[in-house]
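Welcome! Take a moment to turn the model around on your screen, and then let us walk through it together.

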Amino acid sequence: MDKIKQQIIELLEFPAFKMQGQLQLDDCPHSGFYNANDEQCADCFQGVECLFVGNTESISSCQKKAFDRLISQLKIGIDYIDVNLQPNHRSRRRCYCENCSWLERANATLITAEKLVK
Ligand SMILES: [Zn+2]
């Protein structure tokens with residue numbers, strides 16, 4: 001179980017890094033650190049990305065976080081990378097770009113992880 005946890009934590013770095021690159025923080029009073037007590041954060045259009053980056057950091061620093069939290073975080077990451085994929089990457093032929101390779105690894109890890117929690 002520990003090995004797959006480590007795998008998920010490593011996988012989460014990729015979407016977190018991508019999201020961090022896309023965050024526009026000029027108008028953010030918290031410099032990108034999601035604040036659960038601030039209503040502005042709940043309504044923020046970047047809420048999902050910001051929360052993901054923050055959660056990934058806290059999960060990585062505390063590796064004892066519940067396994068199902070890691071799995072749901074991985075699912076958000078997969079959705080994010082998938083949604084941002086250009087249509088030509090969805091063709092049936094295998095693509096080796098960093099996004100598609102990551103998705104393949106992430107989906108395989110997700111399947112393994114979900115079998116473990118059943
Ligand atoms: Zn691709």
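A residue is called buried if 20 or more other C-beta atoms lie within 10 Å of its own, exposed if 12 or fewer do, and partly exposed in between, with the C-beta atoms placed from the backbone. Val48 is partly exposed, because 14 other C-beta atoms lie within 10 Å. Asp68 has 11 other C-beta atoms within 10 Å and is therefore exposed.

Two notes on reading this report. The model is predicted, so local features need pLDDT of at least 70 and side-chain atom pairs count only at pLDDT 80 or more, while totals for chains, interfaces and linings use all residues. Residues are numbered from 1 along each chain as its sequence is written.

**The whole chain**

Helices (H or I, at least four residues) and strands (E, at least two) are DSSP runs, numbered from the N terminus. The protein chain has five helices and zero strands, giving the pattern α-α-α-α-α along the sequence. Its C-alpha trace spans about 40 × 35 × 20 Å along the principal axes. Of the 118 residues, 17% count as buried.

Two residues are in contact if their C-beta atoms, placed from the backbone, lie within 7 Å. Among contacts with a separation of 6 or more, 65% come from residues 24 or more positions apart.

Some pairs can be followed by eye. Val48 belongs to helix H3, and Asp68 to helix H4. Here is how each relates to another residue, C-alpha to C-alpha:

| Pair | Apart in sequence | Apart in space |
|---|---|---|
| Val48 and Asn99 | 51 residues | 19 Å |
| Asp68 and Phe33 | 35 residues | 23 Å |

**How the helices pack**

Two packed helices are described by the angle between their axes and the distance between the axes. Axes are lines fitted to C-alpha atoms, for helices over the stretch in contact, and angles run from 0 to 180 degrees between N-to-C directions. Angles under 35 degrees count as roughly parallel, over 145 as roughly antiparallel, 65 to 115 as roughly perpendicular and the rest as oblique.

The axes of H1 (residues 2-22) and H4 (residues 67-83) come within 9 Å and cross at roughly 40 degrees. H1 and H4 are therefore oblique to each other. On the H1 side, the contact includes Ile8, Leu11 and Leu12, and on the H4 side Leu70, Leu74 and Ile81 are among the residues involved. This contact has ten nonpolar, two polar and one charged residues; Ala, Val, Leu, Ile, Met, Phe, Trp, Tyr, Cys and Pro count as nonpolar, Asp, Glu, Lys and Arg as charged, and the others, Gly among them, as polar.

H4 also packs with H5, at an angle of about 150 degrees and with the axes 10 Å apart. That makes H4 roughly antiparallel to H5. Among the residues in contact are Phe67, Asp68 and Leu74 of H4, and Asn99, Trp102 and Leu110 of H5. By class, the H4 and H5 contact divides into eleven nonpolar, three polar and four charged residues.

**The nonpolar core**

A nonpolar core is a set of buried Ala, Val, Leu, Ile, Met, Phe, Trp, Tyr and Cys residues joined through C-beta atoms within 7 Å. Which members of the largest core touch the most others? Of its 15 residues, they are Ile8, Leu11, Leu12, Ala16, Val53 and Leu74. H1, H3 (47-61), H4 and H5 (98-117) each supply at least two residues of this core, and H1 gives the most, with six. Leaving out residues up to four places away in sequence, Val53 touches Ala16, Met19, Gln20 and Gly32.
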